[in-house]
Amino acid sequence: MLTYDVSWSSYLTAGVATFTVREKKASFGSTAYHVVAEGRPTPLLAKLYTLYYKADSLLDAYSLLPQRGSVFSDEGGRKRLKTTSFNQGARTATYEVQTATLVKKPVALSPFTQDALSAIYVLRAIPLKPGAAMSMPVSDSGKMYKVNVRIGNLEPVKTGIGTVNAYRITPTITDLQGKPQNTRGLALWISDDARRLPVKMQAEVAVGSFNLTLSAARGGN
């Protein structure tokens, strides 16, 4: 399990997030890793406002493509479950949103489409070299995007497990027509050791910087 402190700008610890590979199991006629990410506010903020997020993905162990992905959110009692079921061979998916009602829509997939959670684990699995670039199609909330990734130099990153040398990875996101999406200040740092830990994630928003910094790493990840 990987545990992260969630902070606003560089001073306010707002919550805790975890990333876990729960198990490796038979799934959809193949074998998949069950990857789960959860986020909650600190106990103090939780008294003021209910907030909980859980994303999970069944990541095929052989192709490293998602078989199914979901995001559950509870914001002040307003609950929503978004699920995408992938048929990678047919290049189609079914996207569902469950609130008080259920809404479904078909999605046409590009070859080798990831979801947002599986994309992080794929980046951990590929060779990283400063100056290299790659792109991957990603399906999120029933829409298709192209994520262009550039690998930067090694940088020292202060974490709860010590200072770690990590590659700075800068994604930019467009729709399939090439229109840029709002990804200002988006960055991910992955350690250069054998574990390839995502040690920090950052996104700039209108009122500051949103950061996840690794605080603990236990067991298989």
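What percentage of the 221 residues of the protein count as buried? The share is 42%, where buried means under 20% relative accessible area, exposed means over 50%, and partly exposed lies in between (1.4 Å probe, protein chains only). The model is predicted, and local features need pLDDT of at least 70, side-chain atom pairs count only at pLDDT 80 or more, and totals for chains, interfaces and linings use all residues. Residues are numbered from 1 along each chain as its sequence is written, and side-chain values use heavy atoms, with hydrogens and water left out.

The secondary structure comprises two helices and 15 strands; these are DSSP runs numbered from the N terminus, with helices being H or I of at least four residues and strands E of at least two. The radius of gyration is 17 Å, close to the 17 Å given by the globule rule for 221 residues, so the protein is as compact as a globular protein of that length. This radius is taken over C-alpha atoms, and the globule rule is 2.2 Å times the number of residues to the power 0.38. Along the principal axes, the C-alpha atoms fill a box of roughly 45 × 45 × 40 Å. Of the contacts in the protein with a separation of 6 or more, 41% are between residues 24 or more positions apart, contact meaning heavy atoms within 4.5 Å. The protein exposes about 11,900 Å², of which carbon and sulfur atoms supply 56%; accessible areas come from the Shrake-Rupley method with a 1.4 Å probe, and for residues only the protein chains shown count as cover.

The largest nonpolar core has 35 residues, and those with the most contacts inside it are Tyr4, Phe19 and Val199. Helix 2 gives the most to this core, with six residues. A second, separate core of seven residues includes Phe86, Tyr95, Val97 and Met144. A nonpolar core is a set of buried Ala, Val, Leu, Ile, Met, Phe, Trp, Tyr and Cys residues joined through side-chain atoms within 4.5 Å. Helix 2 spans residues 116–125 and is mostly covered, eight of its ten residues being buried. These are Leu117, Ser118, Ala119, Ile120, Tyr121, Val122, Leu123 and Arg124.

Not counting residues up to four places away in sequence, Tyr4 touches Gly15, Val16, Ala17, Phe19, Pro198, Val199, Met201, Leu212, Thr213, Leu214 and Ser215. Met201 is placed in strand 14 (residues 198–205) and is buried, with a relative accessible area of 13%. With neighbours within four places in sequence left aside, the contacts of Met201 are Tyr4, Phe19, Ile120, Ala187, Leu188, Phe210, Asn211 and Leu212. Met201 and Ile190 are eleven residues apart in sequence, and their C-alpha atoms are 9.2 Å apart in space. Gln202 also lies in strand 14 and counts as buried at 16% relative accessibility. Leaving aside neighbours within four places in sequence, Gln202 is in contact with Gly185, Leu186, Ala187, Trp189, Ser209, Phe210 and Asn211.

Side chains of opposite charge can pair when their charged atoms come close. The count comes to five salt bridges, a salt bridge being a side-chain nitrogen of Lys or Arg within 4 Å of a carboxyl oxygen of Asp or Glu. One of them joins Glu38 to Arg22, with the closest N and O atoms 3.3 Å apart. Glu38 lies in strand 3 (residues 30–41) and Arg22 in strand 2 (residues 12–27), so the pair ties together parts that are 16 residues apart in sequence. Glu38 is buried at 17% relative accessible area, whereas Arg22 is partly exposed at 44%. Arg22, Glu38 and Arg40 are linked in a network of salt bridges. In the salt bridge between Arg68 and Asp56, the N to O distance is 3.1 Å. Arg68 in strand 5 and Asp56 in strand 4 (residues 51–60) are twelve residues apart, and the pair links distant parts of the chain. Asp56 is buried, with a relative accessible area of 10%. Glu23 and Lys25 form a salt bridge whose closest N and O atoms are 3.7 Å apart. Glu23 counts as partly exposed at 38% relative accessibility, and Lys25 counts as partly exposed at 30%.
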